Amino acid sequence: MKIGSHVSNNGTKMLIGSVEEAISYNANCLMVYLGAPQNTFRKPIEKQNAKEAIALAHKNGISSDDIIVHAPYIVNLAQMDDEKFNFAIHFIAQEVEGVDQIGARYLVLHPGAHMGNGPKVGVERIAEGINKILELTKNCQTVIVIELMAGKGTECGKTFEEVKGIIEEVNDKSRIGVCLDTCHIHDGGYDIVNHYEDVIEKFEQVIGLKYLKVIHINDSKNVCGAHKDRHENIGFGNIGFETICKVCNDSRFMNIPKILETPYVNVDKNVSFPPYKYEIAMIKSGIFDPDLIDKIKMI
């Protein structure tokens, strides 16, 4: 099972610290930002200790393809403002080059929001942007991985059909993929709890499993179809432990990195702990611990 989590990237260690954090969780894959997701400031890759981090990852059984980078949320490829659209293109192109420089392969991207112009316009705009990004980075091997969204507001990519529409318009199909987030598709209306096989079969028919490159593993605070995107700890939400384990143990997804993005456990307003080491162990064992959150609070 390829399973890991989001990890931090800060301080003097930068990406070395990211890999060390993943190792401490007994993870064999990880996801990281190349800078703060709330802004577009980036340290040069050569100052992020990438070479040493990749060597440490390989030494501990984490391959380059299992180091996932997530693009920041603040750029929007679906908008019609040309100045902001072009800024988003050039910034994401910079991220694509950064992924290539550190020796990783996949950049997960929230596709964007159409801001009232309609999903069709948004999908076309996103594909236009991705084509420009890929042209600007044609010497890179980085694959842009479109994340399926929960459908908050005017988010594009909330259905398999919308993501298919983006892929169909991308010229270089070898550099485009999909990220399936369990919370997002559940909140988006795909009932993976009661109709798991039907949902996976629909994904195969509409998009194609060959495009599935990354899976985000999250439970949900919401009912199916709520379109809210509120992650919950594994087994404590409306998706449930059994379905999460079904995804993680699905033989079709054996070689796909599965990344936990579940909430930190709050002890009080000033102290919180990452649950990832314990959630990974629980998923691997296949045994749900209903007292897990309380135990983490006592650490």
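This report describes the cysteines, aromatic pairs and charge-over-ring contacts of a predicted model.

**Cysteines**

A disulfide is a covalent bond between the sulfur atoms of two cysteines. The search of the whole structure returns 0 disulfides. C156 shows why for one residue: the closest cysteine sulfur, in C179, is 17 Å from the sulfur of C156, too far for a bond, since a disulfide requires the two sulfur atoms to be within 2.5 Å. C156 counts as buried because its relative accessibility is 0%. C140 also counts as buried, at 10% relative accessibility; the cut-off for buried is under 20%.

**Aromatic pairs**

The whole structure contains 8 aromatic pairs. One of them is formed by F160 and Y190, whose ring centres are 4.0 Å apart and whose planes meet at 10°, so the pair is stacked. Planes under 30 degrees apart count as stacked. F160 belongs to helix α5 (residues 160-169), while Y190 sits in the loop between α6 (182-187) and α7 (196-206); the pair therefore ties together parts that are 30 residues apart in sequence. Burial was computed for both partners: F160 is buried, with a relative accessible area of 0%, and Y190 counts as buried at 11% relative accessibility.

Y264 and Y276 form an aromatic pair of the edge-to-face kind, with 6.1 Å centre to centre and 75° between the planes. This pair links distant parts of the chain, 12 residues apart: Y264 is in the loop between β10 (258-260) and β11 (265-268), and Y276 is in helix α9 (residues 276-285). Y264 counts as partly exposed, at 38% relative accessibility, whereas Y276 is buried, with a relative accessible area of 3%. Together with Y25, the residues Y264 and Y276 form one aromatic cluster.

| Residue | Relative accessibility and class |
|---|---|
| F160 | 0%, buried |
| Y190 | 11%, buried |
| Y264 | 38%, partly exposed |
| Y276 | 3%, buried |

**Charges over rings**

Two arginines are described here. R125 lies over the face of F85, at 3.6 Å from the ring centre. R252 is placed over the face of F253, at 5.9 Å from the ring centre. The cut-off for such a contact is 6 Å from the ring centre for CZ of Arg, which must also lie within 35 degrees of the ring normal.

Methods: Residues are numbered from 1 along each chain as its sequence is written. This is a predicted model: local features need pLDDT of at least 70, side-chain atom pairs count only at pLDDT 80 or more; totals for chains, interfaces and linings use all residues. Side-chain values use heavy atoms; hydrogens and water are left out. Buried means under 20% relative accessible area, exposed over 50%, partly exposed in between (1.4 Å probe, protein chains only). Rings of Phe, Tyr and Trp (its six-membered ring) pair if their centres lie within 6.5 Å; planes under 30 degrees apart count as stacked, over 60 as edge-to-face and the rest as tilted. Helices (H or I, at least four residues) and strands (E, at least two) are DSSP runs, numbered from the N terminus.
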